[in-house]
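I am opening a notebook on this structure and will write down what I look up in turn.

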Amino acid sequence: MTETPWKAGALAVHLVLDPAAPVRLLGIVPGDGPAPDGPGVSLVEIDCPGEGRLGNSTSEQHRPYTVTAGLRYAGHTEESTSDSTTLWIEQRDPVRGLHVRTALEHVTGTDVIRVRSEAGNEGRTPLTLTYVSSLSLTGFGPMDALRLHQAPNAWTAELRWQQLTAEQAGLVDIRPFDDGQGTAKSRHAVTVTGSWSSGGFLPVGGIEDTGRNLAWVWQVEHNGAWHWELGDHHGSLYLQASGPTDREHHWRATLAPGESFATVPVAIAAVTGGLADGFRALTGYRRATRRPAADLVRLPVVFNDYMNCLDGNATEADLAPLIDAAAAAGAEYFVLDAGWYADEGTWWDTVGEWEPSTVRFPHGIEATLRRITDAGMTPGLWLEPEVVGVRSPVVDQLPPDAFFTDDGVRVQENGRFHLDFRCAAVRERMDRVVDRLVGDLGAGYLKLDYNISTTGTDARGDSVGAGLLGHNRAFLAWLDGVLARHPALVLENCASGGMRMDHALLSRTALQSTSDQKDHRRYASIAAAAPTVVTPEQSAVWAYPQPEHSPEEASFCLVNAMLGRVHLSGRIDRMEPDEAKRVRTAMDTYKRHRDLLARGLPHWPLGLPGRHDRWTALAVHDDHDCLLAVWHRGDTAGTVTLTLPWPDTDPALVRVLFPEDLPTSAGLDAAAGTLRLSLPAGPSARLVRLQRRTRGEIR
């Protein structure tokens, strides 16, 4: 038996390699500290039908499985590139013919390890899997010092982070153990069961060890169903994370001899500090592992005609003044949202052809798109590629295997059929659609929406969970093909707002819709929490000032989006000159400072926001510059003290960037690293810039 620390940048991964036993992982820790206490957990947990668990109880935990106990360490190799170093660990079970390769990948320059496994059948008969963990980890420290973090995520109420003690999560330390197994056999489980990867919870979680000032933050990198669980383990906790499972999602995979199954990746940051430090580590990792795109450097302003504006009922006549107003406000993309393809008003269950309406555009949609281009903006279109309406003529044009099925019957959700991207006819048809919209119509931006959620499909004889997983992976491959053919095309990921926020999609798409929230006051907390799951430069936030808004309220709307990707909307075409000037001033301010968003890291001066907090704040900063957004939703004027990301801010370089014309009182305590800000009764908000003493003069 060999206890082996694998050094990965500033991280140490402590493993036990024993040819007579499964490989165990003791923990992942920052720095050169000692190995975590405790016996560790199996590097990967695997279950097959009828095998069950070891021990005296068939508990609800996904461990310890009998199949796992049959694995034996069979060697390891290390591979390095300029971008990453990967430790591959091999295990075999000659009795079952099972071969498992686990990749521990360290992305250069980050404090993050990405873990995934491949389970292969080396036997002579089929092998069925019902559970394969992506990440299995322990070594978090004593339970009473641990704090658990999870984020419920609902439509228009996204990103609601919660902190729990282990006991509040239902987990207890039962030492001394009666049977030596080291667990009460319970668990705290977080599961998404449908095809909305963040429908219910974000695929992100965290653990803080308050005693040792350490934190671990993980993300499941999958655009469909997933599961993670925590349980008590020898006085600490274990964590297991995976994609779909048999018990939670009706997933199983039967491998013929020679076939293999790959788990979805799970990335975990291990940092000195707290939860926010873990989010900052993941921010750097997310940037390092996504598709490069010019859009992510330039951060152009988007105008979209939907939210609190035309609401999916656009016409050529309605769009004309909006196009002019958006250009005057400084927009750089103009996106026609839902409805551009529909002759009738009730288009929901007719979608699928994606041909422009001649009723809405009597001179052809080309004339409207040309008007957008002539105004100096790039035209964009809304598209929902994974569905067709039940009344769409496309239904009869596609083969039977194009659709999700349940016991052979097409799955219908809210007037739509779900398409299966494993079907070549589906992919080829959508390729033709995209090539026409981009190549013939000149769309440089596609907003890809996804407005239904389903548990999966049993087409091709698969379990419903396996069918959904197969579709999810085929859809990602389709996106890769689209971007290979159209490398300059900008894709926005949307699913009824923020119902599919995951790194599998965000590693490919340039922007992420964060919400369908129509109330700008409620949007503030969503915007402030967005960098927990998406980088600031990919975080699409609506700003929809209206002609009836007061200067404070309009400014609040605009500040919502100014630390992310501005999605401007609202009836700006009906504004008076002074109202339109406020919008233009906000966009000009954003453009002067947006370069920081593409490289900066998030900081929460008041902690992660609560949905009803009177004060909310988010900062994005590098080593010298900081942009700070502060929102006040109290009924009376008030003052707040904000913790800055560094203690040596230059008082001469503290400036309210927007709005400059409304009353604000600011006082800096440079030694303490705090800023006192006084604002009028809410809703009121300010964008502030701060710089360190080591920086030159303000630009």
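This is a predicted model: local features need pLDDT of at least 70, side-chain atom pairs count only at pLDDT 80 or more; totals for chains, interfaces and linings use all residues.

**Entry 1: cores**

I looked up the largest nonpolar core and found 123 residues in it. Phe-334, Leu-336, Trp-340, Leu-381 and Leu-446 have the most contacts inside this core. Helix H9, residues 464-485, gives the most to it, with seven residues. Another core, of 59 residues, lies apart from this one, and Val-67, Ala-169, Leu-171 and Ala-466 are among its members.

I then took Phe-334 by itself. Leaving out residues up to four places away in sequence, I noted that Phe-334 touches, among others, Phe-303, Leu-319, Leu-322 and Ile-323. The list for Phe-334 also includes Ile-372, Met-377 and Pro-379.

**Entry 2: Ser-555**

I found Ser-555 in helix H12, which covers residues 551-561. Is Ser-555 buried or exposed? Its relative accessibility is 0%, so it counts as buried; the cut-off for buried is under 20%. The side chain of Ser-555 reaches the backbone oxygen of Pro-551 at 2.8 Å. Apart from neighbours within four places in sequence, Ser-555 is in contact with Arg-582, Phe-658, Pro-659 and Leu-662. I also checked Ala-685, which is 130 residues from Ser-555 along the chain: the two C-alpha atoms are separated by 6.7 Å.

**Entry 3: a sheet**

I looked up an open sheet of three strands, with the order E28-E32-E31 and antiparallel pairing. Strands E28 (387-389) and E31 (412-413) stand at the edges with a single partner strand each, so one side of each has no neighbour in the sheet. E28 is joined by three bridges to E32, residues 416-418. Within this pairing, Val-388 stands opposite Phe-417 of E32.

**Entry 4: salt bridges**

How many salt bridges does the structure hold? I noted 40. One of them joins the side chains of Arg-290 and Glu-537 at 2.8 Å, N to O. Arg-290 lies in the loop between helices H3 and H4, and Glu-537 in the loop between helix H11 and strand E36, so the pair ties together parts 247 residues apart in sequence. Arg-290 counts as buried at 14% relative accessibility, and Glu-537 is buried at 0%.

I also noted Arg-114 and Glu-105, whose side chains meet at 3.0 Å. Both residues are buried. They belong to a network of salt bridges that links Glu-105, Arg-114, Arg-116 and Glu-221. Arg-92 meets Glu-90 at 3.6 Å, and Arg-92 counts as partly exposed at 32% relative accessibility.

How values were computed. Residues are numbered from 1 along each chain as its sequence is written. Side-chain values use heavy atoms; hydrogens and water are left out. A nonpolar core is a set of buried Ala, Val, Leu, Ile, Met, Phe, Trp, Tyr and Cys residues joined through side-chain atoms within 4.5 Å. Buried means under 20% relative accessible area, exposed over 50%, partly exposed in between (1.4 Å probe, protein chains only). Helices (H or I, at least four residues) and strands (E, at least two) are DSSP runs, numbered from the N terminus. Contact means heavy atoms within 4.5 Å. A polar contact is a pair of N or O atoms within 3.5 Å; within protein, one must be able to donate a hydrogen and the other to accept it, and residues adjacent in sequence count only if both atoms are side-chain atoms. Two strands pair if DSSP finds at least two bridges between them. A salt bridge is a side-chain nitrogen of Lys or Arg within 4 Å of a carboxyl oxygen of Asp or Glu.
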